[in-house]
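Morning, everyone. Please have a look at the slide.

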Amino acid sequence: MAIPHAVTNGDHAKLRLAADITEHLNRGTSLDELFDLIYSRLTEFLPYNRIAIALTDSRGERLSIMAVRSDGKTILARGYAGTIAGSSLEPLLREGRTRII
């Protein structure tokens, strides 16, 4: 019989964050409040200075920023939209990859 993998403190913290996000979603927390929670707590697992959520339009031609948080000046803010074709994001979106800078 295999011994189950022990839950580490890091695993516990990730599960706690996932549970907190789920709780906020179930309460109907606004996107801004939920994103504040994610921005403040996710850095424990992945260092960053800026995070954003951007969505493509129905034709996949334009990308619009829905939420953004940064510890510095934000140049591309919420509401910014741009054409995907010819951008540095085009190959990432086509191939289904993420980008961490």
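Which backbone oxygen lies 2.9 Å from a polar atom of the side chain of T29? The backbone oxygen of H24 does.

Before the rest, some housekeeping. This is a predicted model, in which local features need pLDDT of at least 70 and side-chain atom pairs count only at pLDDT 80 or more, while totals for chains, interfaces and linings use all residues. Residues are numbered from 1 along each chain as its sequence is written, and side-chain values use heavy atoms, with hydrogens and water left out.

Back to T29. This residue lies in the loop between α1 and α2. Helices here are DSSP runs of H or I with at least four residues, strands are DSSP runs of E with at least two, and both are numbered from the N terminus. T29 has a relative accessible area of 18% and is therefore buried; buried means under 20%, exposed means over 50%, and partly exposed is in between, with a 1.4 Å probe and protein chains only. Not counting residues up to four places away in sequence, T29 touches H24 and L34, where contact means heavy atoms within 4.5 Å.

Helix α1 covers residues 9–26 and helix α2 covers residues 31–42. Their axes come within 10 Å and cross at roughly 170°, so the two helices are roughly antiparallel to each other. For the terms: axes are lines fitted to C-alpha atoms, for helices over the stretch in contact, and angles run from 0 to 180 degrees between N-to-C directions. Angles under 35 degrees count as roughly parallel, over 145 as roughly antiparallel, 65 to 115 as roughly perpendicular, and the rest as oblique.

Who makes the contact? On the α1 side the residues are R16, L17, D20, I21, H24 and L25. On the α2 side they are L34, L37, I38, R41 and L42. By class, that contact has seven nonpolar, one polar and three charged residues. Nonpolar here covers Ala, Val, Leu, Ile, Met, Phe, Trp, Tyr, Cys and Pro; charged covers Asp, Glu, Lys and Arg; the others, Gly among them, count as polar.

D20 lies in helix α1 and is buried, at a relative accessible area of 13%. Its side chain and that of R16 are joined by a polar contact of 2.7 Å. A polar contact is a pair of N or O atoms within 3.5 Å; within protein, one must be able to donate a hydrogen and the other to accept it, and residues adjacent in sequence count only if both atoms are side-chain atoms. Leaving aside neighbours within four places in sequence, D20 is in contact with L37 and R41.

Also in helix α1 is A13, which is buried at 17% relative accessible area. A13 touches E44 and F45, again not counting residues up to four places away in sequence.

What is the strand order? The sheet is open, has three strands in the order β1-β2-β3, and the pairing is antiparallel. Two strands pair if DSSP finds at least two bridges between them. The edge strands are β1 (50–56) and β3 (81–83), each pairing on one side only. From one strand to the next the twist averages 30°. Helix α2 packs on this sheet, touching β1 and β2, and its direction makes about 60° with that of β2.

Seven bridges join β1 to β2. In that pair, I51 has R69 of β2 as its bridge partner, and I53 stands opposite A67. The hairpin of β1 and β2 has five residues between the strands, and G60 there takes a positive phi near 70°.

Strand β2 (residues 62–70) is joined to β3 by three bridges. L63 has G82 of β3 as its bridge partner, and S64 stands opposite A81.

Last item: G72, in the loop between β2 and β3. At 41% relative accessibility, G72 counts as partly exposed.
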